[in-house]
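This briefing goes through one protein chain by topic. The sequence and structure come next, followed by the notes.

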Amino acid sequence: MRGQGKQSQGMKKGRTIVAEREHAESESERMQARRQAHRRKKRSALMGVLFLAVIGLSAYLGFRELENRREETLERSVAEKLEVTVPVVDENGNSKISERVRLYIAELEREFARKGYTVERVTLPMGMIRAVYVDLEGKDVFLKMNIDRAVSVSVGDAEKMFKYIEEHGLHPNEYVDIRLEGKAYLK
């Protein structure tokens, strides 16, 4: 009976030594398959991390390029020695105008001159930090403009608005508001 206990633990009825070896090989194969699956998961995770890193780096470089272009534009504007030549009225009573607003007004003068208009006066309205009111020579109304928009876009909108007013025989009494892109308000 001693041998029967060992035999029943290791070998079962109907099994041979060869079957036991095949079983051991299949366990080895399963372990290898698990390792390969684990390696594939690691590779997939690594590829995902690398993909995200590449996208992040591309976005970072793109933003840096945009910032560099903006700085170059600002430097070019300063290099062109844009100066404000028209009177600037500050309704808040501040005697000092920020460099950003001064540069905007200078570019505004230049762009209107390119379109054939002459700026008579620029007013910085009380209580409004991003708006300017522009009086043009030969126009009965003034323009309300936003300094956050590109000067060339704002001037282009003003020119389109003046053409529209003339074509439709409109007569605004006070101002033309072109602070919002694609929209205008006449009063």
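In this predicted model, Leu-46, Met-47 and Leu-50 make a nonpolar surface patch of about 310 Å².

**Chain as a whole**
- The chain holds four helices and six strands, and their order along the sequence is α-α-β-α-β-β-β-α-β-β.
- Of the 187 residues in the chain, 26% are buried.
- The accessible surface of the chain is about 14200 Å², and carbon and sulfur atoms account for 53% of this area.
- When contacts between residues at least 6 apart in sequence are taken, 51% join residues at least 24 apart.

**Largest nonpolar core**
- The largest nonpolar core has 26 residues, and the members that touch the most others are Leu-108, Phe-112, Val-132, Val-134, Leu-136, Leu-143 and Met-145.
- Two or more residues each are given to this core by helix H3 (99–115), strand E2 (119–124), strand E3 (131–136), strand E4 (142–146) and helix H4 (151–168).
- H4 supplies six residues, the largest share of this core.
- Beyond its neighbours within four places in sequence, Leu-136 is in contact with Phe-112, Tyr-117, Thr-118, Val-119, Glu-120, Leu-143 and Phe-162.

**Helix H4**
- H4 consists of 18 residues and spans 26 Å from its first C-alpha to its last, close to the 26 Å expected at 1.5 Å a residue.
- The buried residues of H4 are Val-151, Ser-154, Val-155, Gly-156, Asp-157, Ala-158, Glu-159, Met-161, Phe-162 and Ile-165.
- The cover over these buried residues includes H3, E3, E4, strand E5 (175–177) and strand E6 (185–186).
- After H4 comes Gly-169, which has a positive phi, near 65°.

**Glu-111 in helix H3**
- Glu-111 is located in helix H3.
- Glu-111 counts as buried because its relative accessible area is 10%, and the cut-off for buried is under 20%.
- Leaving out neighbours within four places in sequence, the contacts of Glu-111 are Val-151, Ser-152 and Val-155.
- Glu-111 and Val-151 are 40 residues apart along the chain, with 7.3 Å between their C-alpha atoms.
- Val-151 and Val-155, both in contact with Glu-111, are also among the buried residues of H4.

Technical notes: Residues are numbered from 1 along each chain as its sequence is written. This is a predicted model: local features need pLDDT of at least 70, side-chain atom pairs count only at pLDDT 80 or more; totals for chains, interfaces and linings use all residues. Side-chain values use heavy atoms; hydrogens and water are left out. Patches are made of residues with over 30% relative accessible area and no salt bridge: like charges are joined within 9 Å, nonpolar side chains (Val, Leu, Ile, Met, Phe, Trp, Tyr) within 5 Å. Accessible areas come from the Shrake-Rupley method with a 1.4 Å probe; for residues, only the protein chains shown count as cover. A salt bridge is a side-chain nitrogen of Lys or Arg within 4 Å of a carboxyl oxygen of Asp or Glu. A nonpolar core is a set of buried Ala, Val, Leu, Ile, Met, Phe, Trp, Tyr and Cys residues joined through side-chain atoms within 4.5 Å. Buried means under 20% relative accessible area, exposed over 50%, partly exposed in between (1.4 Å probe, protein chains only). Contact means heavy atoms within 4.5 Å. The expected span of a helix is 1.5 Å times one less than its number of residues.
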